[in-house]
Amino acid sequence: MKRLGSVLCLTLVCVLGAGAATVRADDATIASGVSIGPVQVGGLTLEQATEAVLQSYLAPLTLKVGSEKVTVSPTRFHTVAPVAAAVAQALAAAPGAAIPLKASVDMSRVAAYVQALAKRFDTKPVVGRLLVVRWRPAFAKSKPGQAIQLLATRILIRNAIRDAVRAPITVPTRRIAPNAAQLQVGPVIVIKRASNRLTLFDGTKLVRAFKVATGQPQYPTPLGRFQIVVKWKNPTWYPPTQDAWAKGLKPVPPGPDNPLGTRWMGLSVPGVGIHGTDEPASIGYSLSHGCIRMQVPDAEWLFDHVTVGTPVFIVDK
């Protein structure tokens, strides 16, 4: 009783009601069927009843967040309850009497605790990542997030401590769905370098496929994930001065002799793009200097069906 008594003096109000001394005796017992809050104290002495009530009201709470459990002591929230007065009233009560007892807590401490729970258990939604599986666009599975409902959780904790209820508390959460706008991909280009083939998809749905030309072995088209960063109609071709093969060449303005044809779709890798060509016989072969060549009508069609930001996956086979 010494340990519980010290807790009582620290966290619970020890106030005896008027006249309590006249009913208190070391061997006096509480009438049968008497309860204090949810605690049955009939047949107990004052000391036994006090200990039983303290054990009930100071028992730790169990909270379930998804599949995980956490426990917390009511003392964390500065729990206060007039236990001594309730026990004294029980000693004087008739058989079967129900003595009310409500504990109170510091709600600012409850709020801080619930906020800490949210910081630990809240999760953000994961949007399905676009990737290529067997040369077709696919999405890695999206995952919803969760957020603890702060106010509802605070109320559940307060009520459980107030009424000495120790059934596990299922912490209410709300589901956070992935941003639907981020899942609306639109056009996706997949280029198979080994077979010189460009395929346009709408999300994961096949739209159209084309024969193209890709880079020579000494100037390979890069592999990886890129995106279209610029779109130009009737571009001027400028020789890549850093490459030896272009030494001495001059810019070519728009026209039938332009190496880019009539459309340029630049990728997010320096010097590489999808474009038309003035060498239609190269289509279907690895003959470019790293770019992806298309027949001029095909490049014009593709130009009208993609946007800046369109993902471009270049795979080997």
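**Entry 1: helix α5**

I began with helix α5 and found that its buried residues pack against β3, β4 (68–72), β8 and α6, where contact means heavy atoms within 4.5 Å. I note that this is a predicted model, in which local features need pLDDT of at least 70 and side-chain atom pairs count only at pLDDT 80 or more, while totals for chains, interfaces and linings use all residues. Residues are numbered from 1 along each chain as its sequence is written, and side-chain values use heavy atoms, with hydrogens and water left out.

I took helices (H or I, at least four residues) and strands (E, at least two) as DSSP runs, numbered from the N terminus. I then asked which residues of α5 are buried. They are Val110, Tyr113, Val114, Leu117, Ala118 and Phe121. They fall within an arc of 145° seen down the axis of α5, so they line one face of the helix; the arc is that of the directions from the helix axis to the C-beta atoms. On the other side of α5, I recorded Ser108 and Lys119 as exposed. Buried means under 20% relative accessible area, exposed over 50%, and partly exposed in between, with a 1.4 Å probe and protein chains only.

I also checked the length of α5. Its 15 residues should span 21 Å at 1.5 Å a residue, and the end C-alpha atoms are 21 Å apart, which agrees. The expected span is 1.5 Å times one less than the number of residues.

**Entry 2: helix α6**

I turned next to α6 (residues 150–163), a helix of 14 residues that reaches 20 Å from its first C-alpha to its last, close to the 20 Å expected. I listed its buried residues as Thr153, Ile157, Ala160 and Ile161. They cover an arc of only 95° around the axis, which puts them on the same side of α6. Their packing partners are α3 (46–57), β3 (61–65), α5 (107–121), β8 (145–148) and β9 (169–170). Just after α6, I saw that Ala164 takes a positive phi of about 60°.

**Entry 3: aromatic pairs**

I looked for rings of Phe, Tyr and Trp (its six-membered ring) with centres within 6.5 Å; planes under 30 degrees apart count as stacked, over 60 as edge-to-face and the rest as tilted. The count came to 2 aromatic pairs.

The ring centres of Phe77 and Tyr113 are 5.5 Å apart and their planes lie at 70°, so this pair is edge-to-face. It links distant parts of the chain, with Phe77 in the loop between β4 and α4 (83–91) and Tyr113 in helix α5, 36 residues apart. I found Phe77 buried at a relative accessible area of 0%, and Tyr113 buried at 7%.

The ring centres of Phe210 and Trp301 are 5.7 Å apart with planes at 50°, so this pair is tilted. Phe210 lies in strand β13 and Trp301 in helix α8, so the pair ties together parts that are 91 residues apart in sequence. I noted Phe210 as buried at 3%, whereas Trp301 is partly exposed at 24%.

**Entry 4: the sheet**

I traced an open sheet of 8 strands with mixed pairing, in the order β13-β12-β11-β20-β15-β16-β17-β19. Two strands pair if DSSP finds at least two bridges between them. The edge strands, each pairing on one side only, are β13 (205–211) and β19 (292–293). Strands β11 (residues 187–192) and β20 (residues 311–315) run parallel and are joined by 4 bridges. Within β20, Phe313 stands opposite Val190.
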